[in-house]
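Subject: Structure handover

Hi,

Here is the structure I promised you. Please open it first, then read my notes below.

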Amino acid sequence: MNCNAWEERIALYAGGDLAPAEAPAVERHVAECAGCQLLLSGLRESMGLLREAHADPVEEAHLAAVRARVLSELERGANRRWRLGWVYAMAVAAMVLLMAVWPRSSKRVAVTVPPAPVVAVAQVPRAEPLLPAVRHRHRPRKVVVKAEKPAEPLVVKLLTDDPNVIIYWITDSKGE
Amino acid sequence: MALALLAMAKAVEGPDARARAIAAARASDLAAFETVMRQYERMVLVTALRLVGNMEDAKDVSQEVFLRLYRNLGKVEAESNLQAWLYRVTVNICYDLGRKRRPSVPMEDVPDPVATGDDPQQSATGAERRRVVQMSLRTLSAKERAALVLRDLEGLSTEEVARVLGSSEATVRSQISKARVKMRDFVERYFRRRV
C-alpha cells in the first residue's frame, strides 16, 4: 500500500490538528498498516521530546541579562532625549534674546551712519571699443557740478566705472 | 525578592491591569515597562531560542523585541492581543537574523553520536534524545520551524498561528505536518547511524 498519501494526515492526526471528519479514516488505516503505526509512534515520540526540552526551566540569569540590557538601553535613550531637550531649550532662549536685542542695535546702526559727503561727482562709463554712432554718446551717467565760488576756478571730479581712474577737470569760470 | 516578583507578576494580570501598566510605560515609567516585560520575557526568550537555536542570539532577539515593544506601546495599547503581537515580532526578528546567518545544518554536519550500548534508541539518554530533537529543528525551513514552534511548543491553535504568521490556516497545516515528519525522520536517521 502506498502510504505517502497518508503521511500528511497522520502527522496532523498526531498533533490533534486533523478535521474530526477525517480522523476515523486515519485511525482505520493506521490499525491495518505497520509502517504507519511506526510513523505515528515516531511522530508522537519526537513531539513529546521536543515539548519536554521546551519545558526545561530557563535560567533566571538569562532573563535578567535581557531585562538589564533593555532597561539600560531605554535609560540611555531617555538621557539622550533629556540632553537634546536642553540643547533645544538653549537654542530657543538664545533666539528669543537675539530678537529682543535686535531692534535697538539696528537703530544704533542707523544713527551712526555718516551723512554722504557733498562732492562734485561725475560718473563716466569705462572706455569701450567703437560702437555704432547712436550708442556712442559717452554721456556721463550722472554729473553733479557745484561751484563753491563763482570767481574761483571750477573743479569737476569725474568718476569712471573703473575705480582706479578719476578725472579732475579744472577750468575757469568761462569754462576754458 | 520572590514575593516582590510575585507581586509584580500579579500586578499585570488581567487586561485592565496590563492596560494600566502599558499606559504608565508610555508615560516613560520604566518600572511599569519592566513589569510588563517580566510577564512575557520567558515566552519571548524560549520562542526565540527554538527559532534561532542558541541562547546568545535568542537573547539578542528578545532584547530587540522588547525595545520594539517600548517604541510601539501606542500601537500595542490599541491592539487587544499583546501576546500575538510579541510572537509576530519575535518571529520576524528571527527571520531577519536567519537571513543573515543561515542557521540550517545539513545532516552531514551533525556530529556523530557516542555509542553507549547495543540498542541505540534504548541506550541514548533522555538528555541526548532531547538534544537531537532540538537539533532537528535546524533542518526545517524558517517558516516550518515557526509554525511548529508556535503550534506544538507554544500551544497556539492553527488559526492563531496563521494570524501570527500572516498565512492561511491551510498553509500552516501543511507546514506543521511537513515539519513533524522531517523532525521524526531526522531523529530516526540520527539513531540509525549509531548502529
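At what angle do helix α3 of chain A and helix α11 of chain B pack, and how far apart are their axes? The angle is about 90 degrees, and the axes are 9 Å apart. Axes here are lines fitted to C-alpha atoms, for helices over the stretch in contact, and angles run from 0 to 180 degrees between N-to-C directions. So α3(A) and α11(B) are roughly perpendicular to each other (65 to 115 degrees; under 35 is roughly parallel, over 145 roughly antiparallel, and the rest oblique).

First, some ground rules. This is a predicted model, in which local features need pLDDT of at least 70 and side-chain atom pairs count only at pLDDT 80 or more, while totals for chains, interfaces and linings use all residues. Residues are numbered from 1 along each chain as its sequence is written, and chains are lettered from A and ligands numbered from 1 in the order in which they are written.

Back to that pair. From α3(A), the contact uses A:G42, A:L43, A:S46 and A:M47. From α11(B) come B:R180, B:M183, B:R184, B:V187 and B:E188. Contact means C-beta atoms, placed from the backbone, within 7 Å.

Now the chains. Chain A has 4 helices and 4 strands. Its order from the N terminus is α-α-α-α-β-β-β-β. Chain B has 11 helices and 0 strands. Helices (H or I, at least four residues) and strands (E, at least two) are DSSP runs, numbered from the N terminus.

Buried residues make up 11% of the 176 in chain A. In chain B, 37% of the 195 residues count as buried. Buried means 20 or more other C-beta atoms within 10 Å of the residue's own, exposed means 12 or fewer, and partly exposed is in between; C-beta atoms are placed from the backbone.

B:R88 has 16 C-beta neighbours inside 10 Å, so it counts as partly exposed. B:R163 is 75 residues away along the chain, yet the two C-alpha atoms are separated by 8.7 Å.

Finally, look within chain B. Helix α9 (residues 142-153) packs with helix α10 (residues 158-165) at about 140 degrees, with axes 9 Å apart. That makes α9(B) oblique to α10(B). Their contact includes B:A146 and B:L150 of α9(B), and B:V161 and B:L165 of α10(B).

Best wishes

Note on methods: Two residues are in contact if their C-beta atoms, placed from the backbone, lie within 7 Å.
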